[in-house]
Amino acid sequence: MVCGDLKRTRLDKIKVLFFLGVSQGVVPADHSKGGIFTDNEREILKKNSMELAPTAREEGFMERFYLYLMMTKPSDQLIVSYPTVTAEGKQIRPSGIIGEMKKRFPDLTLRETEAEKRPDVSVTAAERAVLAWLQEPDRLMESEHEPERELYRFLSSDEAKAGEMENLARAVSYSYKKGGIGRAAARELYGTLLRGSVTRMEGYAACAYAHFLNHGLGLRAGKEYELDLSDMGNLFHQSLDTFFRNVRDHGKDFRTITDAERRALVKRAVEEVSAKYRNTIMKSSARNAYLEKKVERITDRTVRALIYQIRKGDFEPEEFEVDVSTRIPLKGGEAVNLRGRIDRMDVFEDEDKIYVKIMDYKSGSTSFDLALLYHGLQLQLVVYMDAALKLRRAGIPENRRFLQESSIIISTIR
């Protein structure tokens, strides 16, 4: 007997062939998982004489060809088998090949193994039945569930299973009662002066339990040496900030900067950020190097739009990465100290009036929503604008005043 897989086995003159594991998602295999390049990009590169791995469509055709070769190989008998359940008891659907064979050969009959014919009366099966019964508390006492009740009594009489059955019954009757951690525990965890960012307050408004896990218990997921979506946002954000700082430090004017100068400064900013980011992770693989170029393209496109916005308006960028802090007194001598950082603050002076505009760079499709502000889920821009006005107000003469009716301008980068 010779065992092998679908693609590598090359044998002739086979009389009987056993084809095992013909389950959905296994035969044919699922090739829908993506990579760096899409199928359309692979087709374009292939037309330009660049050899890459096959597309998902090509992989599917190749596998069907291998299936044809393999299933037509035996001269006497082809036996196809598939499991109906996993080792954990979950049901598995057969491959679509089984249905095709039934259509082409209506006289074929399915044969069950002796284990499938024989009812499963193992302790594991009994536990699964009892667990499914307990998950429907409204139907526990119905007459049709008498077998499950007998199984529960039988398992409860076993010393090894009695404790487990008791815990299951207690879990079914458990009723959650909403309640906080208490003032004493909160003071031990956070102190009387709450120090945090506006984003942290928004997170608390969204889910108090997640705030407790993150900032109370200090739980953190293990950091893996790889790039994810949050890293892409950080790279984009830092590259934008570095670009605007470089323009200001080199004494250039945003309104007169040329396209060539813009592209060169963007490239330098992305390279500067990438060289320092997470211990040079951007240079660790070809994939990360590609993502660095992708960040450069997105940053250049964004900078071009921001410069166009500056040229069409009267505001001038004045400060970048402005650290702000706001103290809010609470009852009992406690207080909340919110800190944050304004990405960019622009100013326009018109005679005795000063207009202030703040910008918060976002890589997603975020927009300002008054309903979210009301529920405490979008406080950042409002708190930052209040802090920005206080900063500007502290350094101007009394005869100058702010025009606050249109002071909040939000810019979301997509």
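## A buried asparagine

Asn288 is buried, with a relative accessible area of 5%. The cut-off for buried is under 20%, so Asn288 qualifies. The model is a predicted one.

Where does Asn288 sit? Its place is in helix α13, which covers residues 286-311. Setting aside neighbours within four places in sequence, Asn288 is in contact with Leu227, Ile281 and Met282.

## The chain as a whole

The chain has 414 residues, and 29% of them are buried. Its secondary structure comes to 15 helices and seven strands.

Now take contacts between residues at least 6 apart in sequence. Of these, 65% join residues at least 24 apart.

## Helix α13 and its cover

Helix α13 has 26 residues. At 1.5 Å a residue they should span 38 Å, and the end C-alpha atoms are 38 Å apart, so the two values agree.

Asn288 is one of the buried residues of α13. Others on the list include Leu291, Val295, Val303, Leu306, Ile307 and Ile310.

## Helices α11 and α12

Two packed helices are described by the angle between their axes and the distance between the axes. Helix α11 (residues 229-249) and helix α12 (residues 259-276) pack at about 125°, and their axes are 8 Å apart. Why are they called oblique? An angle over 145 degrees would count as roughly antiparallel, and 65 to 115 as roughly perpendicular.

On the α11 side, the contact is made by Leu235, Gln238, Ser239, Thr242, Phe243, Asn246 and Val247. On the α12 side, the residues are Arg262, Leu265, Val266, Ala269, Val270, Glu272, Val273 and Ser274. By class, the contact has eight nonpolar, five polar and two charged residues.

Helix α11 has 21 residues and reaches 30 Å from its first C-alpha to its last. That is close to the 30 Å expected at 1.5 Å a residue. Just after α11 comes Gly251, with a positive phi of about 70°.

## Arg262, a buried charged residue

Arg262 is found in helix α12. Is Arg262 buried or exposed? At 4% relative accessibility, Arg262 counts as buried.

Apart from neighbours within four places in sequence, Arg262 is in contact with Phe243, Ile257, Asp300, Val303, Arg304 and Ile307. Phe243 belongs to the α11 side of the helix contact described above.

## Helices α6 and α7

The next pair is helix α6 (residues 146-156) and helix α7 (residues 159-173). Their axes come within 7 Å and cross at roughly 135°. These helices are therefore oblique to each other.

Which residues meet? Tyr152, Leu155 and Ser156 in α6 meet Lys161, Ala162, Met165, Glu166 and Ala169 in α7. The contact of α6 with α7 divides into five nonpolar, one polar and two charged residues.

Glu166 has its place in helix α7. At 47% relative accessibility, Glu166 counts as partly exposed. Glu166 and Tyr152 are 14 residues apart in sequence, and their C-alpha atoms are 9.8 Å apart in space.

How values were computed:
Residues are numbered from 1 along each chain as its sequence is written. This is a predicted model: local features need pLDDT of at least 70, side-chain atom pairs count only at pLDDT 80 or more; totals for chains, interfaces and linings use all residues. Side-chain values use heavy atoms; hydrogens and water are left out. Axes are lines fitted to C-alpha atoms, for helices over the stretch in contact, and angles run from 0 to 180 degrees between N-to-C directions. Helices (H or I, at least four residues) and strands (E, at least two) are DSSP runs, numbered from the N terminus. Contact means heavy atoms within 4.5 Å. Ala, Val, Leu, Ile, Met, Phe, Trp, Tyr, Cys and Pro count as nonpolar, Asp, Glu, Lys and Arg as charged, and the others, Gly among them, as polar. Angles under 35 degrees count as roughly parallel, over 145 as roughly antiparallel, 65 to 115 as roughly perpendicular and the rest as oblique. Buried means under 20% relative accessible area, exposed over 50%, partly exposed in between (1.4 Å probe, protein chains only). The expected span of a helix is 1.5 Å times one less than its number of residues.
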